[in-house]
2 protein chains.
Amino acid sequence: MIRLPMDDLAAGERQLDAEQARYVVRVHRLRAGDTFVAFDPKRALEADGEVLSRDRVSWRVRIGPPRAAAAATRSVTWIHGCPKGDKADAIVRDATELGATRIIFVHTARIVAKPPASRVERWARVAREAARQCGRADAPAIAIETKWASALAVDAETRVCLDPRGVPLRDVLSRAHGSIAFAAGPEGGLTEAEVDVAEKLGFVTCKLGAFVMRTETAPAAVLGALALFS
Amino acid sequence: MIRLPMDDLAAGERQLDAEQARYVVRVHRLRAGDTFVAFDPKRALEADGEVLSRDRVSWRVRIGPPRAAAAATRSVTWIHGCPKGDKADAIVRDATELGATRIIFVHTARIVAKPPASRVERWARVAREAARQCGRADAPAIAIETKWASALAVDAETRVCLDPRGVPLRDVLSRAHGSIAFAAGPEGGLTEAEVDVAEKLGFVTCKLGAFVMRTETAPAAVLGALALFS
């Protein structure tokens, strides 16, 4: 379903502005009679919309009654060893779209970049934008921790450390209820010492899939698996 | 676990060449005693490795007995409306890493780019490279179809069409056995007519997660969910 940002969302007919019309008609090929979802990013509202017709200068649409966008209902913490380059942005987007409520980037033994604490503001913006695009009213909290053990000190009923040496993730997810936390390593993975620390802190070491996942694939794959149980 | 490409993989001690040493020591911070996996991309072999020591000019490692890399064991077809830009490369990488055995890009009503048939060769290269990096001996077959119904004419015991109007994916995955096919739309989603065609061809319309997934997130999230059942 196409999602179209629209300020001052209200029920009734309206004309699309030039940018909206371009997006709906040129980019996404909607025709009269096609439906879309309009969302108001500032107020976390959305509404069903329908393309009506094209008059001389623009496109008219009908907007249904606005409703509140949904917020995440489960506490899901995603802890990730700081990745290189713009992978962190992709991780924030994927984790937001798939329901994470807190994202913690952490310095680990094998990270190759140490993002400054100020990077948190950028990631928070990425998270807010991703939340709007995916129809989510809230956005995850973002933090950086410089110590592995500090990042793992989260309050969660189920804790999972992702590592190829672990048990199948299904064993843990199928009986997990309530709040949950996942910890994943950077490109080079976690050291054995880091996995040991996680296990001492109550994390169960789990793996997903038959092959090696890149660090940036893990949030979508693991939170996609978690979404089966929501 | 760090994966290190190594031609002519054989058990025994050897010196890393300059590029390998840079990758292992500078990029991934391995130290003497740390372990890694060496893989031979040409022969689909891999072996455990251990960093031994640094002599005057390079690093010595010990390589264990080579073993065959694993291939996908389940027939998984991923059908995707042609996305914009380089998202197709990312889709190929994610789907390869998470076990797809066939990837079909298809022209749909709302696609905005029609990649030429020659693009298949590029995607096949991306798939082979992704397979090597993730420790997979085989790589998915890649195709482009210009008709939705032709793309959906795949031989699979379970068929899933991904759309926000569907039933929870869990209902279908938990009882799916054997070969499976997934069909996903491009950025603007599938039209109602396309979903109808899919249903007539035996696809069950399913959704995953509480929020709207971007088209490029779907393969990792859905195949991550499928990996729970493998």
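What share of the 230 residues of chain A count as buried? The answer is 43%. A residue is buried if 20 or more other C-beta atoms lie within 10 Å of its own, with C-beta atoms placed from the backbone.

This is a predicted model, where local features need pLDDT of at least 70, side-chain atom pairs count only at pLDDT 80 or more, and totals for chains, interfaces and linings use all residues. Residues are numbered from 1 along each chain as its sequence is written, while chains are lettered from A and ligands numbered from 1 in the order in which they are written.

**Select chain A.** Its C-alpha atoms fill a box of roughly 70 × 35 × 30 Å along the principal axes. Look for seven helices and twelve strands. These are DSSP runs numbered from the N terminus: helices are H or I, at least four residues, and strands are E, at least two.

**Now the contact between the chains.** Chain B gives 39 residues and chain A gives 39 residues. Two residues are in contact if their C-beta atoms, placed from the backbone, lie within 7 Å. On chain B, select helix 2 (87-97), helix 5 (169-173) and helix 7 (218-227); each gives two or more residues to the side that touches chain A. Helix 7 of chain B gives the largest share, six residues.

**Next, A221(B).** Among the residues that A221(B) touches are L98(A), A220(A) and A221(A), as well as L208(B) and M213(B); residues up to four places away in sequence are not counted.

Technical notes
A residue is buried if 20 or more other C-beta atoms lie within 10 Å of its own, exposed if 12 or fewer, and partly exposed in between; C-beta atoms are placed from the backbone.
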